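This report describes one protein chain, from its overall make-up to selected local features. The sequence and model are shown first.

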Amino acid sequence: IKEQGDKVREMKADPDADKDAVAAEVKKLLDLKAELEPPAAKKAEPKKEKKKAPAPQGKKKKGKEPEPTVSPREERAVRLGKADKFRAKGANPYEYTWEVTHSTTELQKEHEGVANGELAEGAAVSIAGRVMAKRVFGKLAFYTLADQSGTIQLYLEKAAIGEGEEFEDLKALVDVGDIIGVKGGIKRTDKGELSVTVSDYAMLTKSILPLPDKFKGLTDVNIRYRRRYLDMIVNPSVRETFKKRALITQGIRSYLTDRGFLEIETPVLCPELGGAEAKPFVTHHNALDMELNMRIATELHLKRLVVGGVERVFEMGRIFRNEGVSTRHNPEFTSVELYQAYADYDDMMNLTEELIAGLADQVCGGTKIVYQGVDIDLSPGWRRVSMNDLVKDKTGVDLYAMRGDLEAAKEAARGAGV
C-alpha cells in the first residue's frame with residue numbers, strides 16, 4: 001500500500017502525468033486498502049477501546065503511520081551497495097571524464113523557441129550535473145538535473161534508453177544527490193518544460209549520503225557555515241554570492257593594473273607587527289628557532305616598496321587577527337591595500353568612488369542596489385565629509401576646537417553618551 005501510495009503521490013505531482021493513468025493507479029490503491037478492511041463487527045470493538053483509553057501525548061493523523069527513520073550509517077551502506085552493483089555490471093560509479101557540450105542555461109537559451117509538445121530537430125546534447133529530484137512512473141521518469149549554471153528536466157523513457165536493464169538500473173540505482181552524465185535530444189513537454197530526452201547515461205559520482213530535506217532545506221546556520229559545499233548544493237543563491245565575489249576580486253585587480261599599479265605579494269610571517277592594532281596569531285619557525293606573527297596588515301611591506309621606487313603598488317591578501325569570531329566576522333579575511341606616490345587623500349577618494357561604482361555596474365548590472373532591504377545608490381558624486389564634521393553632526397561636539405585638551409574631549413564624549 002505504501003509503495004502504491006508513493007507512486008500515486010509522484011504521479012499527481014507530475015504536471016505531465018496522464019489523467020487516465022493517474023485514475024487507474026488511484027483505483028489500484030483503493031482496491032489494496034479495501035482488501036485490508038476488517039469486517040464491520042470487528043471494527044466497532046477497537047473504537048470503543050480507543051474512547052476509553054487516555055488521550056495520547058501528541059496528535060497523530062488518522063490512518064497514517066510514521067515513516068521509518070533511516071540512520072546516516074544505514075543510508076550510507078545502502079548507497080555503497082548500489083555503487084557495488086554498478087561495478088558488478090562493469091561500470092565505474094566514479095567516472096573520470098564525461099564530454100559536456102552545453103550547460104543547462106545554454107540549453108534553455110538555445111532552445112527557447114521550441115513549442116510545447118515539439119522536439120528540437122537535429123539536437124544532440126551531452127550534459128552533466130547533480131540529480132536534485134526524481135519522479136518515476138512505470139516506463140517513464142522525470143529527473144531534475146542541476147549544474148553550475150541552473151537546472152533542466154531529464155525526460156527518461158524506457159523505449160529510448162533500452163529494453164534491457166538500463167532503465168531499471170536508472171530508476172533503482174540513481175539517487176537524489178548523485179552526479180550523472182546524460183546524452184540525448186531536446187523536447188518541450190506539453191506543459192512547457194524544456195527537457196533532455198535521454199538516450200544514454202552514466203553514473204559519474206555516486207553520492208553516499210542524501211541531501212537535506214527538499215521542503216525544510218538547510219536551515220541550521222552553524223551547518224551552513226561549516227559545510228559550505230552542502231549549502232551551495234541546496235541553496236543556489238549561495239553559489240551566486242561566491243560567483244559575484246570572484247567577479248569583484250577580478251574587477252579590482254583589472255581596475256588597478258589598468259592604471260599602472262603592480263600587485264606584489266608580501267610576507268605573511270613577520271617578526272614584528274605593524275599597520276594595525278590587533279592581536280596576532282603566533283607561530284614558531286623551527287629552522288630559525290624564533291617566534292613569528294601571522295600578519296595583521298600588509299601596510300609596512302607595501303610602504304617599503306614605495307620607498308624602493310615602486311610608485312603604484314597594491315596587494316589583495318589574507319589577513320589574520322586572533323580576535324572574535326562569528327558568522328559575520330572571521331579572524332582570517334581578505335583585505336586590499338594600495339599605495340600611490342605623489343597622490344593625496346583626494347586622489348584616493350576619487351579612485352575609491354570610481355572603483356566601487358564601476359564594480360557595482362559590472363557585477364550587479366547598475367549602481368543602484370538593494371542590501372538587506374535598504375536601497376543604496378552608488379552612482380558617482382558621493383558626499384565627502386571629514387570625520388570631525390560627522391561627529392559634530394551627530395553629537396554637536398567639535399573635536400577640532402579641543403585639540404591638545406584630552407580631558408575636555410573625554411568630558412565632551414561622556415556628555416554625548418559615548
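Accessible areas come from the Shrake-Rupley method with a 1.4 Å probe, and for residues only the protein chains shown count as cover.

Leu 390 belongs to helix α13, which covers residues 387–395. Because its relative accessibility is 33%, Leu 390 counts as partly exposed; the class lies between buried (under 20%) and exposed (over 50%), with a 1.4 Å probe and protein chains only.

## Basis of the model

The model is predicted: local features need pLDDT of at least 70, side-chain atom pairs count only at pLDDT 80 or more, and totals for chains, interfaces and linings use all residues. Residues are numbered from 1 along each chain as its sequence is written, and side-chain values use heavy atoms, with hydrogens and water left out.

## The chain as a whole

The chain contains 14 helices and 13 strands, taken as DSSP runs numbered from the N terminus (helices H or I, at least four residues; strands E, at least two). Of its 418 residues, 30% are buried. The chain exposes about 28000 Å², of which carbon and sulfur atoms supply 53%.

Contact means heavy atoms within 4.5 Å. Among contacts between residues at least 6 apart in sequence, 59% join residues at least 24 apart.

## Strand β3 and its partners

Strand β3 (residues 151–157) is mostly covered, with five of its seven residues buried. Two strands pair if DSSP finds at least two bridges between them. Strand β2 (residues 140–146) runs antiparallel to β3 and is joined to it by seven bridges; Leu 145 stands opposite Ile 152. A hairpin of four residues connects β2 to β3.

Strand β5 (residues 194–205) runs parallel to β3, with three bridges between them. Here Gln 153 has Ser 195 as its bridge partner.

## Positive phi in two loops

Asp 289, although not a glycine, has a positive phi of about 50°. Most residues other than glycine have a negative phi. Asp 289 sits in the loop between β8 (282–285) and β9 (290–294), and counts as exposed because its relative accessibility is 59%.

Gln 372 likewise has a positive phi, near 50°. The loop between β12 (368–371) and β13 (374–377) holds Gln 372, which is exposed with a relative accessible area of 61%.
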